[in-house]
Amino acid sequence: MDKTQMLVALSAGLFALGLLGVIVRRNVLVMLMCMELMLNGVNVLLVTFAQQSHSTVGAVLVFLVFVVAAAEIAIAIPIVLLLARRKRTLDIDAYVDLKG
Amino acid sequence: MDRLLTVIVLLPLAGFIINGLLGNRLGKRFVSVVGCGLPVLAFAAAIVCLLDLRTSGFAPLVETAYTWAVIGDRSFEISFYFDRLTAVMVLIVTGVGSLIHIYSIGYMKEDTSYARYFAYLNLFLFFMLLLVLGRSLLVLFVGWEGVGLASYLLIGFWFDDPDKARAGKKAFLTNRIGDAGFLLGMFVLFQALGTLEMDKINTAFTSGTPPMVSASLVGILLFIGACGKSAQIPLHVWLPDAMAGPTPVSALIHAATMVTAGVYLVARLSGIYMHAPEASAAIAAVGVMTAFFAATIALVQTDIKKVLAYSTISQLGLMFVALGVGAYGVAIFHLYTHAFFKACLFLGAGSVIHALGGEQDINKMGGLARKIPITFATFAVATAAIAGIPPLAGFFSKDEILWFAFASSFGGSTLLYVVAAGTALLTSLYMFRLLWRTFFGASRLSPEAAHHVHESPPSMTGILIVLAALSAVGGFVALPHFLEPLLPLPEVRAELVAFEAPLLYVSVALAFAGLAGAAFLYGGNAERAERLRRGFPMLHRVLTGKYFVDEAYERFFDRPLFWISERVFLQFGDRKLFDGTLHGIAGLGRRTASALARVQNGDLHLYAFLVLAGIVATLAWSWHHG
């Protein structure tokens with residue numbers, strides 16, 4: 001197994017771990033972190049292929065993902081804070097009544 | 001001058017556009033000048049064309065106005081073709097047409113839709129000229145449909161009366177049936193010959209190697225179209241109802257010109273019919289039946305215009321008899337004389353109706369000869385002409401038809417002659433009956449009509465005099481002889497030649513027998529006719545009921561069609577099939593949505609799981625199909 005294959009496997013592992021976390025964990029903050037994990041799994045893949053194809057496009061995309069992730073977290077954390085203050089819990093099941 | 005044929009056609013169109021768009025603003029005087037002036041100009045142009053034709057030794061004038069479409073290596077052109085036959089038709093259409101336009105000035109003076117009337121009349125003339133001048137069947141068909149449209153518009157001219165609007169609709173729909181046959185005939189011809197130009201079609205059929213298509217099939221299909229337009233059995237039902245239109249319209253469209261389009265069509269395509277004995281026999285049979293039955297109905301009608309309408313159907317039947325025995329020139333001859341005396345009769349009837357303030361029932365007329373003498377005199381001349389009293393126009397043409405019905409080697413027979421001669425007798429009888437009931441005897445007018453009765457203005461009586469003069473002397477033009485190079489007369493069976501003179505006397509005798517019969521029956525108080533009516537109540541009922549053809553159509557076509565439309569197309573097709581399918585699809589969507597909506601329960605874990613399932617499914621799919 002060469003380096004690229006290992007990195008792809010690592011990226012897939014990170015993504016799968018993150019997805020699993022989102023599905024099985026109940027704590028909102030943990031779910032958010034798992035989502036970051038998934039994003040980073042994708043980032044690893046981008047960097048890997050960017051290096052392999054001697055192009056900077058992939059690397060630039062990684063920065064885009066960083067920015068989007070930062071923006072997302074900046075919105076998500078205050079929402080979670082407000083929700084936690086109102087519901088007095090971080091359990092996702094308590095937020096079911098938010099559905100549209 | 002070049003392009004004169006195009007000019008003839010376009011002049012009435014210009015009149016239609018000017019009067020149609022601006023007529024209401026410009027006043028009646030302007031409308032009259034444009035509406036009558038342009039047809040008169042067209043008539044003058046037609047005479048110039050005839051002179052051109054003569055100087056060119058009667059070689060047909062051909063003019064291409066416009067290339068309509070080029071499909072593959074075939075091009076469809078709007079081109080005009082002017083030969084002897086066209087010349088006769090164009091002169092009748094523009095000549096009689098112009099006279100009737102001028103007559104209309106007086107007749108329609110009080111009408112509020114004066115400009116609309118003249119616009120429609122000019123539109124009719126435009127399409128009629130397109131019909132007779134078109135070189136290709138396609139152009140003829142455009143004119144054919146166009147005159148149908150103009151006829152519909154003019155029958156339903158007073159469309160605020162639902163009965164009149166319905167009569168227009170009936171005419172239009174009945175004609176559609178004929179047009180279906182016409183179109184099929186055109187398709188078959190085009191497939192076989194690759195051209196629709198009528199001179200080429202005729203040449204193709206008359207040349208040594210006949211085309212690979214049955215002349216009889218084409219002939220019958222086209223004749224179905226002619227049946228619709230020329231009101232032959234079984235498509236004759238629209239013409240009597242068409243009398244709902246203004247009377248000059250009945251004279252122009254439903255007597256002199258449009259209804260003769262079927263006769264023109266068959267004569268124009270004589271090349272086909274000469275090689276289609278079966279189709280010709282069918283034409284003669286339908287023609288003679290129509291002539292006879294329409295004449296019997298005309299015997300008992302009491303509406304002055306209805307009598308004339310059935311008389312028109314009957315005369316058209318006689319023209320078809322001539323066509324059926326191959327005497328195409330004679331049919332055109334009768335068409336030409338008929339245009340004069342029937343126009344004169346209709347316009348005379350219009351003058352009577354005008355004088356009586358709208359009364360059309362001959363039971364409420366009588367004794368009008370003294371009160372409206374000019375109308376009476378012209379009406380009497382035209383009646384004598386249609387009855388076949390020599391030496392008026394109708395005598396010559398009708399006698400020739402009878403002669404060829406008897407002696408033509410192309411389908412003439414004694415039976416055909418006997419029925420046609422019987423029709424001639426009936427014609428004379430019902431026409432003189434009409435004359436007697438309208439103009440002689442004691443007055444049966446209602447008091448207000450009697451007070452109101454007056455002779456028509458000179459613009460109307462003048463036209464009547466001109467037409468009566470033409471009905472009197474029109475027969476001296478040897479039209480069949482003029483047309484002979486184009487439409488040769490059929491060979492007369494040698495053994496029958498000796499009968500020509502005796503049959504001539506028979507014709508004269510028949511005409512006078514009708515006159516005498518009418519005078520005998522309807523003289524005095526018409527009590528003899530009344531006794532005759534009581535003697536045969538059943539027969540009278542059948543005749544006044546017009547053989548109940550309308551009722552039969554109602555029962556056997558209308559009602560089943562209504563039933564099919566209501567039950568099959570509306571209840572089943574529209575409501576169940578189409579609406580049902582659409583409602584079903586909508587219901588399916590709604591039910592699916594309500595089932596899927598249950599998934600949206602706010603549980604983020606479920607959502608994420610479904611995302612995972614989606615990704616896995618997508619990957620699995622691409623794995624398999626990658």
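Modeller: Happy to. In this predicted model, the contact draws 9 residues from chain B and 8 residues from chain A. Sorted by class, the side of chain B that touches chain A consists of 4 nonpolar, 4 polar and 1 charged residues.

Let's step into chain A from there. Helix 1 of chain A covers residues 3-24 and helix 2 of chain A covers residues 28-52; their axes come within 7 Å and cross at roughly 165°. Angles over 145 degrees count as roughly antiparallel, so helix 1 of chain A is roughly antiparallel to helix 2 of chain A. The crossing of this pair is left-handed. By class, the contact of helix 1 of chain A with helix 2 of chain A is made up of 17 nonpolar and 8 polar residues, with no charged residues.

Now for chain B. Its secondary structure amounts to 25 helices and 2 strands, and its C-alpha atoms fill a box of roughly 110 × 65 × 55 Å along the principal axes. Chain B has 626 residues, of which 51% count as buried. Taking the contacts in chain B between residues at least 6 apart in sequence, 81% join residues at least 24 apart.

The largest nonpolar core holds 213 residues, and Val321(B), Ala343(B) and Ala420(B) have the most contacts inside it.

Helix 5 of chain B (residues 162-193) and helix 7 of chain B (residues 215-229) have axes that come within 7 Å and cross at roughly 155°. That angle makes helix 5 of chain B roughly antiparallel to helix 7 of chain B, and their crossing is left-handed. Residues of helix 5 of chain B in this contact include Gly178(B), Gly181(B), Phe182(B) and Gly185(B), while helix 7 of chain B contributes, among others, Leu221(B), Leu222(B), Gly225(B) and Gly228(B). Asp179(B) of helix 5 and Lys229(B) of helix 7 take part in the contact as well. By class, the contact of helix 5 of chain B with helix 7 of chain B has 11 nonpolar, 7 polar and 2 charged residues.

Methods: Residues are numbered from 1 along each chain as its sequence is written. Chains are lettered from A and ligands numbered from 1 in the order in which they are written. This is a predicted model: local features need pLDDT of at least 70, side-chain atom pairs count only at pLDDT 80 or more; totals for chains, interfaces and linings use all residues. Axes are lines fitted to C-alpha atoms, for helices over the stretch in contact, and angles run from 0 to 180 degrees between N-to-C directions. Helices (H or I, at least four residues) and strands (E, at least two) are DSSP runs, numbered from the N terminus. Angles under 35 degrees count as roughly parallel, over 145 as roughly antiparallel, 65 to 115 as roughly perpendicular and the rest as oblique. A crossing is left-handed if the near helix is turned anticlockwise from the far one by less than a right angle, and right-handed if clockwise. Ala, Val, Leu, Ile, Met, Phe, Trp, Tyr, Cys and Pro count as nonpolar, Asp, Glu, Lys and Arg as charged, and the others, Gly among them, as polar. Two residues are in contact if their C-beta atoms, placed from the backbone, lie within 7 Å. A residue is buried if 20 or more other C-beta atoms lie within 10 Å of its own, exposed if 12 or fewer, and partly exposed in between; C-beta atoms are placed from the backbone. A nonpolar core is a set of buried Ala, Val, Leu, Ile, Met, Phe, Trp, Tyr and Cys residues joined through C-beta atoms within 7 Å.
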